[in-house]
Amino acid sequence: MIAEDVVAAGEAAAEPAALSCREFVELLFDYLFGGLGAERIAAMNAHLAACPSCVAYLKSYEASIRMGRMALVASDEPVPAEVPEELVQAVLALRPCA
């Protein structure tokens, strides 16, 4: 996990340009998927080392990506009984045909 790796390593570059939280969020996709150069990566890491709010945001972003991927995986497990049948049918109606 990137968020934990950066914070645990305590990475800090030699005076990278400071980022605001807004800039951090705008660059997050590219940060996670290799679209930034070394200087921007260092700035992102420095921001994470100093901003617990953005660490939390990054963790939730990563969790959202994992959940999205899991939603696309076929499962043989039955739907729990407490899930309303109307919800099950609505979800099934939105799935693309296999």
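**α2 against α4**

I looked up the pair α2 and α4 and found that their axes come within 11 Å and cross at roughly 35 degrees. Axes here are lines fitted to C-alpha atoms, for helices over the stretch in contact, and angles run from 0 to 180 degrees between N-to-C directions. I note that this is a predicted model, where local features need pLDDT of at least 70, side-chain atom pairs count only at pLDDT 80 or more, and totals for chains, interfaces and linings use all residues. Residues are numbered from 1 along each chain as its sequence is written, and side-chain values use heavy atoms, with hydrogens and water left out.

The crossing of α2 and α4 is right-handed. I then listed the contacts (heavy atoms within 4.5 Å). From α2 come Cys21, Phe24, Val25, Leu28, Phe29 and Leu32, and they meet Cys54, Tyr57, Leu58, Tyr61, Glu62 and Ile65 of α4. By class, I get 11 nonpolar, no polar and one charged. Nonpolar covers Ala, Val, Leu, Ile, Met, Phe, Trp, Tyr, Cys and Pro; charged covers Asp, Glu, Lys and Arg; the others, Gly among them, are polar.

**α2 against α3**

Next I took helix α2 (residues 21–32) with helix α3 (residues 38–50). Their axes come within 11 Å and cross at roughly 125 degrees. The two are therefore oblique to each other. The scale I used: under 35 degrees is roughly parallel, over 145 roughly antiparallel, 65 to 115 roughly perpendicular, and the rest oblique. The crossing of α2 and α3 is left-handed.

On the α2 side I find Cys21, Phe24, Leu27, Leu28 and Tyr31; on the α3 side, Arg40, Ile41, Met44, Asn45, His47 and Leu48. These residues divide into eight nonpolar, two polar and one charged.

**Leu36**

Leu36 sits in the loop between α2 and α3. At 14% relative accessibility, Leu36 counts as buried. Buried means under 20% relative accessible area, exposed over 50%, and partly exposed in between (1.4 Å probe, protein chains only). Leaving out residues up to four places away in sequence, Leu36 touches Leu27, Asp30, Tyr31, Ile41 and Met44.

**α3 against α4**

I read an angle of about 110 degrees for α3 and α4, with their axes 5 Å apart. That makes α3 roughly perpendicular to α4. His47, Leu48 and Ala50 of α3 make the contact with Pro52, Cys54, Val55 and Leu58 of α4. The tally is six nonpolar, one polar and no charged.

I checked Val55, which lies in helix α4. Val55 is buried, with a relative accessible area of 11%. C-alpha to C-alpha, Val55 and Asn45 are 10.0 Å apart, and 10 residues apart in sequence.

**Core**

Of its 14 residues, Phe24, Leu28, Tyr31, Met44 and Leu48 touch the most other members. The elements giving two or more residues are α2, α3 and α4 (52–71). α2 gives the most, with five.

**Whole chain**

I count five helices and zero strands. Helices (H or I, at least four residues) and strands (E, at least two) are DSSP runs, numbered from the N terminus. Of the 98 residues, 21% count as buried. Among contacts with a separation of 6 or more, 70% join residues 24 or more positions apart.

Methods:
Left-handed = near helix turned anticlockwise from the far one by under 90°. Core = buried A, V, L, I, M, F, W, Y, C linked by side-chain atoms within 4.5 Å.
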